[in-house]
Amino acid sequence: MSERPNGLTYAQAGVSIDAGNELVERIKPLAKSTRRSGSEPSLGGFGALFDLKAAGYDDPLLVTTTDGVGTKLKVAIETGLHGTVGIDLVGMCVNDLLAQGAEPLMFLDYYATGKLDVEAAASVVAGIAEGCRRANCALVGGETAEMPGMYAEGDYDMAGFCVGAVDRDKVIPRLGDQKAGDILVGLASSGPHSNGYSLIRRIVERSGLAWDAPAPFAEGKSLAEALLEPTRIYIRTVLPHLKAGRIKGLAHITGGGLIENPPRAIAEGLVARFDWNAWALPPVFEWLAETGGVSEQEMRRTFNCGIGLMLIVDPHDLPDVLEGLVRDGEDAFVVGELAAA
């Protein structure tokens with residue numbers, strides 16, 4: 001095809017195919033590092049295959065989740081600290097799979113920006129790969145979109161999509177098995193995870209602190225570093241108890257906090273009765289509440305308040321569940337029980 005005089009190119013329109021190709025080459029080793037049984041990550045194709053039989057499933061149901069990181073990304077963008085938000089992206093998706101009793105198998109990401117910064121994007125994807133390794137989940141592909149005019153300079157957004165599986169007889173919540181007196185077990189969060197950051201950013205603005213100021217609630221970290229602490233991923237510690245049938249229900253405490261999320265895992269006619277004195281509010285949440293003048297009810301409805309997951313466990317199984325979780329490194333403790341509505 002002949003050249004046209006004064007012809008425009010895609011690069012002149014603001015999209016660099018070369019930069020996109022460079023990013024793909026940079027992240028291929030990251031994808032390969034997430035290899036697991038049933039999957040052979042290979043970027044560059046039009047789709048990804050997964051062998052459920054090789055993963056050990058007999059009568060599997062597929063479970064899918066999708067999520068983003070929300071305005072926590074603004075903290076990363078404003079500070080140039082991009083290395084952990086990819087872990088958040090994976091965590092928000094794979095922890096949701098646990099609420100159905102499912103194991104994460106493969107993950108895809110969507111990364112969109114106005115002008116592709118290969119270094120920043122590679123740092124983000126490195127975090128995604130780290131999150132996938134923590135979840136024993138294969139990073140099998142994704143999409144990078146460079147869209148001039150859609151985003152302000154330096155801005156980006158991303159979404160994650162995860163496919164998991166669960167054998168038919170291990171699906172939760174087991175609503176018919178739940179009863180008053182079942183125990184609520186909390187697993188400690190690593191901080192706000194990826195929820196409430198529109199409010200957090202307003203509170204930081206009110207505090208007058210710069211992002212690089214020492215965090216008042218975390219020794220040795222800047223405010224940004226402390227608030228970018230990534231979402232805790234609970235797959236390796238919780239999955240054995242799901243497969244053993246010891247968990248009747250599970251709530252991932254995300255947007256809506258401890259008020260809106262637990263009812264999604266509880267049978268009709270039952271309610272969660274929390275013992276709000278069973279755990280101490282972590283320092284980050286104390287600082288947010290005090291600095292922002294946020295009411296107790298608003299804190300519980302917006303943030304996880306230190307509880308990343310809530311499990312519903314029969315009293316008979318409680319010792320095994322608590323002992324196993326603590327042995328595997330979780331901070332797990334009783335936070336209440338189910339009661340008649």
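**Salt bridges and packed helices**

Q: What makes Arg 232 and Glu 330 a salt bridge?
A: The closest N and O atoms of Arg 232 and Glu 330 are 2.9 Å apart. A salt bridge needs a side-chain nitrogen of Lys or Arg within 4 Å of a carboxyl oxygen of Asp or Glu, so this pair qualifies. Arg 232 sits in the loop between helix H6 (223-227) and H7, and Glu 330 in the loop between helix H11 (318-327) and strand E9 (332-340), so the bridge ties together parts 98 residues apart in sequence. Helices (H or I, at least four residues) and strands (E, at least two) are DSSP runs, numbered from the N terminus.

Q: What kind of model is this, and what do its values rest on?
A: It's a predicted model, where local features need pLDDT of at least 70, side-chain atom pairs count only at pLDDT 80 or more, and totals for chains, interfaces and linings use all residues. Residues are numbered from 1 along each chain as its sequence is written, and side-chain values use heavy atoms, with hydrogens and water left out.

Q: What makes Lys 243 and Glu 103 a salt bridge?
A: Here the closest N and O atoms are 3.6 Å apart, so the pair passes too. It links distant parts of the chain, with Lys 243 in helix H7 (residues 235-243) and Glu 103 in strand E2 (residues 103-113), 140 residues apart. Glu 103 is buried, at 8%; Lys 243, at 47%, is partly exposed.

Q: How do you know that the span of helix H3 agrees with its 14 residues?
A: The expected span is 1.5 Å times one less than the number of residues. For H3 (residues 85-98) that gives 20 Å, and its end C-alpha atoms are 20 Å apart, so the two agree. H3 is also mostly covered, with 13 of its 14 residues buried.

Q: How do you know that the span of helix H4 agrees with its 18 residues?
A: H4 (residues 118-135) should span 26 Å, and its end C-alpha atoms are 25 Å apart, which agrees. Its buried residues include Val 118, Gly 127 and Cys 132.

Q: Why are H3 and H4 called oblique?
A: They pack at about 40°, with their axes 6 Å apart. Axes are lines fitted to C-alpha atoms, for helices over the stretch in contact, and angles run from 0 to 180 degrees between N-to-C directions. Under 35 degrees is roughly parallel, over 145 roughly antiparallel, 65 to 115 roughly perpendicular, and the rest oblique. H3 and H4 are therefore oblique to each other.

Methods: Buried means under 20% relative accessible area, exposed over 50%, partly exposed in between (1.4 Å probe, protein chains only).
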